[in-house]
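Please look over the structure below.

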Amino acid sequence: MSVILYLLAASLVLGGGGLAFFLWSLRTGQFEDLEGSANRILFDDERD
Amino acid sequence: MTAPQATRAETVCTHCGQPAAAGQRFCCPGCHAAFDTIQSMGLGRYYRQRLLDAGSRAPRPEAGGHQELERYIVTGPDDRHTLSLAVDGLQCGACVWLIESVLAREANVVAGRVNMTSRQLRLTWTGPVGDAPRLVDAIERLGYRLVPFDASCLAAAQDATGRTLIRALAVAGFAAGNVMLISIGLWAGEAAGWLTGMGPATRDLLHWVSGLIALPAIVYAGRPFFRSAVGALRHGRTNMDVPISVGVLLVSGMSLSETFAHAQHTYFDSAITLLFFLLIGRVLDHRARGQARATAEQLLTLRAADVTVLRPDGTTERRAQQAVAQGDRVLVGMGERIGADGIVEQGSAPLDTSLVTGESLPTDAAPGSVVFAGTLNLGAPLIVRATATGELTLLADCVRLIEAAEARRSRFVVLADRVARLYAPAVHAAALTTFLWWHLVRSVPLEQALLTACAVLIVTCPCALALAVPAVQVIATSRLLRLGILLKSGTALERLAKVDTVVFDKTGTLTEPSLALMRDGIAPEDLRAAASLAAHSRHPLARALLAAAGPVVAADAAMEIPGQGLRSGDTRLGSRAFCDVRSGTAAEGPELWFARPGRVAIRFVFTEHLRPDAAETVTRLRALGLSVVLLSGDTQHAVGPIAQAVGIDEWHARCSPLEKAERIETLASAGKKVLMVGDGLNDSPSLSAAYVSASPASAADVSQTVADLVFQGANLAPVAIAIGAARRAHGVMRGNLALAIGYNVLMVPLAVIGWVTPWVAAAAMSTSSLLVMANSFRARRT
């Protein structure tokens with residue numbers, strides 16, 4: 001049953017990674033302008 | 001009427017989409033220049049991809065005075081300057097693209113990003129600070145209006161709570177997911193117990209891991225609840241957060257001691273899942289009440305402009321509104337808002353007081369007249385000696401009035417809180433009884449009895465209850481917002497549902513906000529000739545005349561004599577005296593005279609127009625079982641026909657603002673729940689006296705701030721729509737509460753007799769929450 005130890009650790013690392021990623025995206029303001037992002041995708045970038 | 005409209009549709013300005021003179025591609029040189037600029041930059045795609053939004057300001061460039069930008073520029077350590085600006089005139093995604101593309105062409109701009117949700121532009125550049133006006137000008141020349149603001153005070157106040165809640169939600173979600181995963185292993189081990197079984201060592205390990213994940217998460221994610229519960233208890237009250245906090249803490253503590261004792265059941269999963277569901281409700285609730293009000297307040301903040309103070313030595317100085325002292329002499333240029341209450345010392349000009357009084361016609365100010373902060377100078381420069389500033393101005397008074405209205409409103413007990421008041425004691429009594437019964441009557445060991453009592457607390461914990469109201473609020477509010485109805489207070493929906501009397505104001509509410517020209521007997525060519533003069537003025541009557549005439553070419557060399565009229569050579573447009581008319585009697589309503597040499601002077605009379613669907617809306621409100629009343633400050637003569645036209649039997653004319661408020665108080669004391677619909681500052685007292693209040697978006701800013709609900713557009717129908725939607729939402733809320741309580745009634749007996757194991761609690765809790773969420777979506781339909 002020692003496999004359970006690895007599995008527990010793996011699930012925690014993966015879940016923790018997801019949490020860290022979400023908190024990071026929150027802090028960098030990715031949820032500030034949901035309307036803008038939905039529209040922005042329709043236009044090409046102006047970087048030639 | 002139809003013919004000119006048809007031609008108008010054909011000749012719209014290529015840039016801004018507003019009517020243009022026949023045969024012209026552009027309505028004004030500004031639009032032409034903007035079009036050329038965009039084409040020369042190779043951004044012509046903008047015109048193909050955009051969708052003009054009739055509801056927002058057309059992108060027509062306006063020549064405006066330069067604003068003070070320096071105060072708002074923040075310079076970072078690496079010599080980057082940042083400026084935050086509110087953007088007026090954003091139509092769709094293409095506008096965002098256009099602004100960002102134009103800024104990207106500027107070599108020294110590091111970043112120029114538009115937030116479409118909050119309509120703000122954040123501009124970062126390197127090089128001289130003095131570059132700001134040039135960059136802002138480049139955008140303004142395209143037709144957008146930019147207003148700088150202090151990002152630090154807005155953003156900070158905006159959403160610290162919201163962010164805390166979402167972070168707590170994320171942590172709780174992470175922990176709940178992982179603990180639940182482990183719990184499934186535990187339940188499976190228990191269910192398979194009579195086959196192979198899970199060894200006690202493995203079970204203990206899993207309990208320990210659950211506890212190590214859940215406990216820190218509970219401490220972190222539970223803070224919003226604990227804080228609110230402590231606050232309530234300190235004031236000797238109880239709210240929904242008290243049973244939540246007690247339940248969560250007791251269950252976690254109990255589970256920890258069970259883990260130490262190598263026991264079979266722990267409830268870490270229930271405790272953390274509970275917090276997760278409750279936090280969803282909290283986040284939704286925060287959204288519902290926060291956003292709309294923040295927008296309104298932000299707009300008011302933006303209107304607060306700088307003030308030019310005249311120093312004793314004759315030089316001028318720009319100061320923030322708060323920095324103006326009593327006795328300062330303030331210079332107010334044409335088209336500028338007065339920054340302080342005061343007395344005019346020098347100059348005379350018509351003032352647009354609509355922000356303060358909601359009155360559409362300007363009033364004249366001359367030396368000695370008292371003027372108020374927030375009024376707009378339409379004529380020549382004035383020098384005003386400030387008598388009251390900042391906190392003491394009439395505008396600030398209104399803000400205080402608003403605060404008083406808010407305080408009055410907060411006394412309204414929300415449905416959910418009323419339930420909570422009964423709920424909390426009932427839950428605690430049930431848990432205590434369970435504990436005492438098992439321990440004393442049935443003589444089970446202390447721990448066993450405590451565990452059963454905990455199970456009662458868990459199944460009664462109000463997650464479905466906490467979702468019941470906010471979920472409906474968010475769904476109904478966002479649906480109304482899409483229809484142009486802005487609900488500003490969290491409880492407006494509930495109060496709106498209970499309304500049984502609607503009181504309307506007349507001017508600007510039942511009637512359209514702007515005046516309309518009475519066309520009878522006026523030749524179209526005369527109208528056009530007069531309108532070409534009127535094009536030079538911002539006076540409301542001139543604008544009404546211009547609107548009636550359609551697109552015209554502005555007359556040459558016209559000059560405005562403030563408070564009197566316009567002249568171009570010997571042609572005059574203005575008051576009776578200005579045009580030297582001596583015959584005839586004055587008209588009922590406001591009038592304008594048009595005099596040309598060698599011809600008989602022509603009179604233009606203006607009148608109020610009913611909103612197109614006023615009568616229909618009144619009928620609809622009646623059909624909803626509401627009684628409709630009209631209260632107006634106007635004369636009997638003016639109010640009677642209007643009341644008859646829309647079908648209101650009960651109307652009162654010549655009501656002063658105080659009388660209106662008194663009448664509403666009388667209705668309220670007779671047990672009526674009054675919805676007041678009004679638009680001017682003179683309506684503000686009655687708006688705040690009413691049970692719930694509404695204002696059209698054209699109303700004075702102060703009224704909009706006092707009102708619970710602001711509706712856009714020329715129609716009155718939103719009032720009826722909002723009431724209908726509110727009633728429906730209220731029905732769904734009650735349904736949700738019934739569902740949540742029904743679930744508790746079902747589960748509590750099971751918990752009391754000790755049948756609720758951790759997995760039963762988890763399953764029951766999730767199903768009831770999901771059920772309530774699903775039911776809430778019914779509020780989306782009308």
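What follows is a short account of a predicted model.

**Chain A and its contact with chain B**

Chain A contains two helices and zero strands. Of its 48 residues, 2% are buried. Its contact with chain B takes in 20 residues of chain A and 20 residues of chain B. On the chain A side, the elements giving two or more residues are α1 (3–27) and α2 (34–40). The largest share comes from α1(A), with nine residues. By class, this side of chain A has ten nonpolar, five polar and five charged residues.

**Two open sheets in chain B**

One open sheet of chain B has six strands, in the order β7-β6-β8-β14-β9-β12, and its pairing is antiparallel. The edge strands are β7 (316–319) and β12 (370–371) of chain B. Each of these pairs on one side only. B:I343 has B:V370 in β12(B) as its bridge partner.

Another open sheet of six strands in chain B runs β17-β22-β21-β20-β19-β18, again with antiparallel pairing. Which strands stand at its edges? They are β17 (516–517) and β18 (559–561) of chain B. Each has a single partner strand, so one side of each lacks a neighbour in the sheet. Within this sheet, strand β20 (residues 571–574) and strand β21 (residues 591–595) of chain B run antiparallel and share three bridges. B:G574 is placed opposite B:W593 in β21(B).

A helix packs on this sheet: α18(B) touches β19 (565–568), β20, β21 and β22 (602–607) of chain B. The direction of α18(B) makes about 80° with that of β20(B).

**Helix pairs in chain B**

| Helix pair | Axes come within | Crossing angle |
|---|---|---|
| α14(B) (446–460) and α25(B) (717–752) | 9 Å | roughly 170° |
| α18(B) (524–534) and α19(B) (540–549) | 9 Å | roughly 135° |
| α25(B) and α26(B) (758–776) | 9 Å | roughly 165° |

Take α18(B) again. How do α18(B) and α19(B) lie to each other? Their axes cross at roughly 135°, and the two helices are therefore oblique to each other. The crossing of α18(B) past α19(B) is left-handed. From α18(B), the contact residues are B:L527, B:R528, B:A530, B:A531 and B:A534. They meet B:A542, B:L545, B:L546, B:A548 and B:A549 in α19(B). Nine residues of this contact are nonpolar, none is polar and one is charged.

Next comes α25(B), a member of two of the listed pairs. With α14(B), the crossing is at roughly 170°. Angles over 145 degrees count as roughly antiparallel, so that is how α14(B) and α25(B) lie to each other. The α14(B) side of the contact has B:A455, B:V456, B:V459 and B:T460. Facing them in α25(B) are B:N744, B:M747, B:V748, B:A751 and B:V752. This contact has seven nonpolar and two polar residues, with no charged ones.

With α26(B), the axis of α25(B) crosses at roughly 165°. These helices, too, are therefore roughly antiparallel to each other. Here the crossing is right-handed. On α25(B), the contact uses B:V732, B:G735, B:N736, B:L739, B:A740, B:Y743 and B:M747. On α26(B), it uses B:A764, B:S768, B:L771, B:V772, B:N775 and B:S776. Eight of the residues are nonpolar, five are polar and none is charged. B:M747 of α25(B) meets α14(B) and also takes part in the contact with α26(B).

**A buried leucine**

B:L493 lies in helix α16 (residues 492–498) of chain B. Is B:L493 buried or exposed? B:L493 has 29 C-beta neighbours inside 10 Å, and so counts as buried. Leaving out residues up to four places away in sequence, B:L493 touches B:Q473, B:A476, B:T477, B:L487, B:A726 and B:A729. The C-alpha atoms of B:L493 and B:H730 are separated by 7.5 Å. Along the chain, these two residues are 237 residues apart.

Note on methods
Residues numbered from 1 in each chain as written. Chains lettered and ligands numbered in written order. Predicted model: local features only at pLDDT ≥ 70, side-chain atom pairs only at ≥ 80, totals over all residues. Axes fitted to C-alpha atoms, helices over the stretch in contact; angles between N-to-C directions. Helix = DSSP H or I, 4+ residues; strand = E, 2+ residues; numbered from the N terminus. Parallel < 35°, antiparallel > 145°, perpendicular 65-115°, else oblique. Contact = placed C-beta atoms within 7 Å. Nonpolar A, V, L, I, M, F, W, Y, C, P; charged D, E, K, R; others polar. Pairing = 2+ DSSP bridges. Left-handed = near helix turned anticlockwise from the far one by under 90°. Buried ≥ 20, exposed ≤ 12 C-beta atoms within 10 Å, placed from the backbone.
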